[in-house]
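Please read this note with the structure open beside you. The points can be taken in order.

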Amino acid sequence: MSENIKLNVFAHQHSKLLNERAYSSVELVEATLHNLKDHDLNAYITVTNSLALKQAELADERIKSGTAGPLTGIPIAVKDLLSTVGNITTAGSKILEDYRPLFDCTVVERLQDAGAVIIAKTNLDEFAMGSSNEHSAFGPVKNPWNHQKVPGGSSGGSAVAVANRDVPISLGTDTGGSIRQPAAFCGVTGLKPTYGRVSRYGVIAFGSSLEQVGPFGRDATDIANVMQIIAGVDVRDSTTAKISVPDYQEDFGKGLAGLRVGVPAQFFQDGLDKDVRLAVENVIELFEHEGAIIDRSLQLPTSPASLPVYYIIAPSEASANLARYDGVKYGFSFLEGGSVDEEMSLTRSMGFGQEVKRRIMLGTYALSSGYYDAYYLKAQKVRTLIRQEFAKAFETHDLLLTPTTPTVAFGLGEKIDDPYNMYLNDLYTLPVNISGNPAISMPCGFSDELPIGLQLIAKPFDEKTLLRATYAYQSLTDWHMKKPHD
């Protein structure tokens, strides 16, 4: 039976078939595990075979008892930045290659409580630092649309898992675009929630004031079902907001009519690929045809400063968060130094990759005596201006509509030696992390047989409107239905 199960369906379709007893969760998981062996995209660091089969058995019992939810029995892959009890959690780094957490992070715990099946830990840029998924200690991930292209980062493995139809849903984290950018490059849907909407407890930290956990899926319904479970306050994470979680599918039938949509000029300037521009312009025309109120006069003049602001604040937070990795308490340890300081230095030199070292050095410099006011403090002031601009824009708009990335996926190795050029790929996603707003990326076209991403941004804690618009757009188009090798 498991060999005949179609994996190219949405999670909500699997849920319906599971409840109709067309197949069991165990059979679905067995088919999924078999499929994971059939390609070499390097999307996974660990496949949790035994855990997945045990969870599938429990899911089948829940389905039989009539207490199943939308994700009960559904295989889900999670970024290897999310702590999973007893299973290796590496953060894509050699320094944590044997680390087994003693607890589950909140989002994994909530998914498991809902009956979901954790089937694999996905590959990522080391400590989530990267825009291409080439900075992993376990090798680069390949784009399923073209194996010579990058999948985007840092959550590239999670995006590939969904794009390649290995699993219908995965989890990633987004610190500067690390869900939305790989979603765009791989042709799937990825949501970066509002800062504080989803718990970060148990997520290995990179930039604590910027990052959020969010889902990858193929349509708005699957994304909404995941958010319904993982969103909400967590007493173990003081940054989560005490704001009620709405029914994310409540407005799915309302369409696009009446939505006030701003098109910020700063996201359509030089550097935007002509095919990407054309695809997004086509989306704008469709929105307008369906009754959305389009405003092309919107200005966000400080938003381009998000790039330098991010690369001061994020490395500064990284330099503090990664100071704990000394080879003593846990992780990789190089024990050939003549003193504790020498051993610690060797451990970090051998355990951290080049991009992580680069960002630690940037952050340490920005926070050092004599430079704090000139760099870090000034970056925080500009961050406040960016937040204020976004807040003002949402006084008169429901959504902002932009490209997700300036170009489609670039070649493996093409930008690896040019960090600044690599960082420019996050130009359109970074402002959202700086401001704390929610945003979603979905496919809206192709260029050279590679997917193009559309980004929608909403006011804080208004993921409901994002998903309404996503559902409406995907009801009118079929870009989200296309898969590699069609």
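1. Basis of the note. This is a predicted model, in which local features need pLDDT of at least 70 and side-chain atom pairs count only at pLDDT 80 or more, while totals for chains, interfaces and linings use all residues. Residues are numbered from 1 along each chain as its sequence is written, and side-chain values use heavy atoms, with hydrogens and water left out.

2. Helices H11 and H12. The axes of H11 (residues 354–367) and H12 (residues 372–393) come within 7 Å and cross at roughly 105 degrees. H11 is therefore roughly perpendicular to H12 (a label for angles of 65 to 115 degrees; under 35 is roughly parallel, over 145 roughly antiparallel and the rest oblique). Axes here are lines fitted to C-alpha atoms, for helices over the stretch in contact, and angles run from 0 to 180 degrees between N-to-C directions. Helices (H or I, at least four residues) and strands (E, at least two) are DSSP runs, numbered from the N terminus.

3. What touches in that pair. Tyr365, Ala366 and Leu367 of H11 meet Tyr372, Tyr375 and Tyr376 of H12, where contact means heavy atoms within 4.5 Å. The contact of H11 with H12 has 6 nonpolar, no polar and no charged residues. In this scheme Ala, Val, Leu, Ile, Met, Phe, Trp, Tyr, Cys and Pro count as nonpolar, Asp, Glu, Lys and Arg as charged, and the others, Gly among them, as polar.

4. Helices H9 and H11. H9 (residues 306–321) packs with H11 at an angle of about 100 degrees, their axes 7 Å apart. That makes H9 roughly perpendicular to H11. On the H9 side the contact includes Tyr310, Tyr311 and Pro315, and on the H11 side it includes Arg359, Ile360 and Leu362. By class, the contact of H9 with H11 divides into 8 nonpolar, 4 polar and 1 charged.

5. Helix H7. Is this helix enclosed or open? In H7 (residues 220–230), 10 of the 11 residues are buried, so the helix is largely enclosed by the rest of the structure. Buried means under 20% relative accessible area, exposed over 50%, and partly exposed in between (1.4 Å probe, protein chains only). The buried residues of H7 pack against several elements, including helix H1 (11–19), helix H4 (106–113) and strand S6 (212–217). Just after H7, glycine 232 takes a positive phi of about 120 degrees.

6. Backbone details in loops. The peptide bond from glycine 153 to serine 154 is cis, with omega near 5 degrees; serine 154 sits in the loop between strand S3 (117–122) and helix H5 (156–163). Arginine 165 is not a glycine, yet has a positive phi of about 65 degrees. Arginine 165 is in the loop between H5 and strand S4 (169–174), and at 7% relative accessibility counts as buried. Phenylalanine 461 also has a positive phi of about 65 degrees without being a glycine. Phenylalanine 461 lies in the loop between strand S11 (450–458) and helix H15 (463–476) and is partly exposed, at 24% relative accessible area.

7. Lysine 16. Lysine 16 is found in helix H1 and, at 52% relative accessibility, counts as exposed. The C-alpha atoms of lysine 16 and proline 70 are separated by 8.4 Å, although the two are 54 residues apart along the chain.
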